[in-house]
Amino acid sequence: MSRRVVRQSKFRHVFGQAAKADQTYEDIRVSKVTWDSSFCAVNPKFLAIIVEAGGGGAFMVLALTKTGRVDKNHPLVTGHTAPVLDIDWCPHNDNVIASASDDTTVMVWQIPDYTPVRNITEPIITLEGHSKRVGIIAWHPTARNILLSAGGDNVIIIWNVGTGEALLNLDDLHPDVIHSVCWNSNGSLLATTCKDKTLRVIDPRKSQVVAERFAAHEGMRPMRAVFTRQGHIFTTGFTRMSQRELGLWDPNNFEEPVALQEMDTSNGVLLPFYDPDSSIVYLCGKGDSSIRYFEITDEAPFVHYLNTFSSKEPQRGMGFMPKRGLDVSKCEIARFYKLHERKCEPIIMTVPRKSDLFQDDLYPDTPGPEPALEADEWVSGQDAEPVLISLRDGYVPPKHRELRVTKRNILDVRPPSGPRRSQSASDAPLSQHTVETLLEEIKALRERVQAQEQRITALENMLVELVDGTD
């Protein structure tokens, strides 16, 4: 008998691990709205979670470092008059987030680096164009200020956030409710799923469907779709017998699936999170207590099951950290932020390696925060792949950048590229005396910063008292 050969893959032993208790975010009243979005968005600076709010819709923004119990009076972002259904961080500015709501509007917010004293109630801009609830938003991956929204009116609108205008209105391509929308890697195409059971590939600038497949999954429950690095489309859905199913499709030949696999009989919609750097897709079902992950390759059966991370508590939602927010020194290849009823728990996916050196094969250059195009260049027909950055030295978020909304299409200036430290100086051995001197300087600076922070807090409290007094 021939021995079965185990498929070689550097991701075969990826394992998930929940963060320690002191690294979680406690006492958060996660939204109970019945909507199939992830309810959570995260970037290298902030964690945003849609929360319960009386008399409107709100979400909470926490600095990633502010773990532990969240103050019950922690300021919220409150501007919507009905529940918030979806949130998404801008990939080109870590201080800018968009929110979509049941009140038919999309709002774009500037989040300060410091924790504000009061609720943030004034968005930078409100985008009004939908006639029904807006349940899906997605920033363009490479063009500055381009934001997509999809509503219960079966319309997709593509906005220029820098001017507040609707650039494209795709109002006659979907006859029913849109379940998911995803950009491809350079933002030239969209993959959408709809209640009419059709998977569509759309060229938004031509306002036309370039390929479609009816009943990619035969069940009536919602489908989800994401583009892969190779240009294929990965889908999750249900069979006619209500079993969960995953599929891989080639848009150039929609007749037959590249791969189709039945999963289980659970009824939660599977949210796919795809990492193009490793070509791993993670499936998180709402109400499930597990994350399954698969590697997509060019070899049959094309979608290879890797493993399952299981826990006791079901997930209410899930945030997925961009690659530049991961700890490369620990061979971390993905990090999720799992929402429970009253807390948020980081889950870290790691490739076990013994070496302390930077692992080039795990961390190819990845999309950075710099846009490749301006909004008007994209609208005029240009395409560009994401501007890549190396993670060799870890990623340092740029300093706070303002988002300015103007009549003309200009936005925040690009951050100046500061002088790089020379390799020879950084690698030179330090004498014991130098180390002690540096440590003393750091200590003195920390004390000065602490004093300044106390002074700022005192001034903020005085300001609040003054405002309350005048009220």
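Let me start with a pair across two strands: Ile146 has Asn160, in strand 14, as its bridge partner. This is a predicted model, so keep that in mind as I go through it.

Ile146 belongs to strand 13, residues 146-151, and strand 13 pairs with strand 14 in the antiparallel sense over five bridges. The two strands form a hairpin with four residues between them, and Asn154 in that hairpin takes a positive phi near 65°.

On its other pairing, strand 14 meets strand 15, residues 165-170, again antiparallel and over five bridges. Here Trp159 stands opposite Ala166 of strand 15. This hairpin also has four residues between the strands, and Gly164 is the residue with a positive phi, near 80°.

Is strand 14 buried or exposed, then? Five of its five residues, 156-160, are buried, so the rest of the structure largely encloses this strand. Both faces are covered. Ile156, Ile158 and Asn160 are buried on one side, and Ile157 and Trp159 are buried on the other.

Next, the nonpolar cores. The largest has 35 residues, and the members that touch the most others are Ile28, Leu47, Ile49, Phe59, Ile111 and Tyr337. Several strands give two or more residues to this core, among them strand 5 (57-63), strand 8 (84-89), strand 10 (105-110) and strand 29 (332-339). Strand 4 gives the largest share, six residues. There is also a second, separate core of 26 residues, which includes Tyr282, Met318, Cys331 and Met349.

Take Ile28 as a case. Leaving aside residues up to four places away in sequence, Ile28 touches Ile49, Val51, Met60, Leu62 and Val70, and also Glu341, Arg342, Lys343 and Cys344.

Now the charged side chains. How many salt bridges does the structure hold? There are 19, and I will go through a few.

One joins the side chains of Asp113 and Lys45, at 3.1 Å from N to O. This pair links distant parts of the chain, 68 residues apart: Asp113 is in the loop between strand 10 and strand 11, and Lys45 is in the loop between strand 3 and strand 4. Asp113 counts as partly exposed, at 40% relative accessibility. Lys45 is buried, at 14%.

Another salt bridge is between Arg200 and Asp196, at 2.6 Å from N to O. Both Arg200 and Asp196 are buried.

Arg240 lies in the loop between strand 21 and strand 22, while Glu218 lies in the loop between strand 19 and strand 20, so the pair ties together parts that are 22 residues apart in sequence. Arg240 is exposed, with a relative accessible area of 63%, and Glu218 is partly exposed, at 39%.

There is also a network of salt bridges, which links Arg244, Asp264, Asp288 and Arg292.

Last, confidence. The mean pLDDT of the chain is 90, and 91% of the residues reach 70 or more. Where does the pLDDT fall below 50? That happens over residues 413-430, a stretch with 10 contacts in the model beyond near neighbours in sequence.

Note on methods. Residues numbered from 1 in each chain as written. Heavy atoms only, no water. Core = buried A, V, L, I, M, F, W, Y, C linked by side-chain atoms within 4.5 Å. Buried < 20%, exposed > 50% of the residue type's maximum accessible area, 1.4 Å probe, protein only. Contact = heavy atoms within 4.5 Å. pLDDT = per-residue confidence, 0-100. Pairing = 2+ DSSP bridges. Salt bridge = Lys/Arg side-chain N within 4 Å of Asp/Glu carboxyl O.
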